[in-house]
Amino acid sequence: MSEKWYPVIDYEICKECGACFNKCKHEVYKKEGNRPVVVFPEGCVQGCKGCQSLCPSGAIQYVGDNGQTDNCACGCCNS
Ligand code: SF4
Ligand code: SF4
C-alpha cells in the first residue's frame, strides 16, 4: 500500500462511467452520485494503473507517477 501513489481525477473530463470505482478492490474510491471520489488514497497500491487503464476519457493521473510502468504486485489489475 502506498501513501505516495494515488489517483487524481480530472472532473472536467470524467464521464462518470464508474469503471474506476468498479475496478478498484482497495476501497480507494467511493461514489457520490455517479462521481468517483478518492477517499482512501493510502489504499492505492504503488505502481498500480488498473483504474487508469480502464478510464475511457484519460481522466486519471497518479501522484508519484514519473512514467514508470511498474505493475501492481497484488494482481488487482489482472482480473
Ligand atoms: S491504481 Fe489500482 S489500487 Fe489504485 S485506485 Fe486504481 S485500481 Fe485501485
Ligand atoms: S473511469 Fe474515468 S471516466 Fe470513468 S468514472 Fe473513473 S475517472 Fe471518470
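Among contacts in the protein chain between residues at least 6 apart in sequence, 64% join residues at least 24 apart, where contact means heavy atoms within 4.5 Å. This is a predicted model, so local features need pLDDT of at least 70, side-chain atom pairs count only at pLDDT 80 or more, and totals for chains, interfaces and linings use all residues. Side-chain values use heavy atoms, with hydrogens and water left out.

Now the fold. The protein chain has two helices and four strands, and along the sequence they run β-α-β-β-α-β. Helices (H or I, at least four residues) and strands (E, at least two) are DSSP runs, numbered from the N terminus.

Of the 79 residues, 35% count as buried. Buried means under 20% relative accessible area, exposed over 50%, and partly exposed in between.

Next, the ligands. Around ligand 1 we have P7, C24, H26, V28, Y29, C44, V45, C48, C51 and Y62; a residue is near a molecule if one of its heavy atoms lies within 4 Å of it. That shell divides into nine nonpolar residues, one polar and no charged. Ligand 2 is surrounded by 14 residues, the closest being C14, K15, C17, C20 and C55. Its shell has ten nonpolar, two polar and two charged residues. Nonpolar here is Ala, Val, Leu, Ile, Met, Phe, Trp, Tyr, Cys and Pro; charged is Asp, Glu, Lys and Arg; the others, Gly among them, are polar.

What about the cysteines: how many disulfides are there? The count is zero, a disulfide being a pair of cysteine sulfur atoms within 2.5 Å. C14 counts as buried because its relative accessibility is 19%, while C24, at 22%, counts as partly exposed.

S57 sits between α2 (50–54) and β4 (60–63). Its side chain reaches the backbone oxygen of I13 at 3.1 Å. Leaving aside neighbours within four places in sequence, S57 is in contact with I13, C14 and K15.

E16 lies between β1 (6–9) and α1 (19–23). E16 has a positive phi of about 55° although it is not a glycine, and at 34% relative accessible area it is partly exposed. E27, in the loop between α1 and β2 (29–32), also has a positive phi, near 60°. E27 is exposed, because its relative accessible area is 62%.

How values were computed:
Residues are numbered from 1 along each chain as its sequence is written. Chains are lettered from A and ligands numbered from 1 in the order in which they are written. Buried means under 20% relative accessible area, exposed over 50%, partly exposed in between (1.4 Å probe, protein chains only). A polar contact is a pair of N or O atoms within 3.5 Å; within protein, one must be able to donate a hydrogen and the other to accept it, and residues adjacent in sequence count only if both atoms are side-chain atoms.
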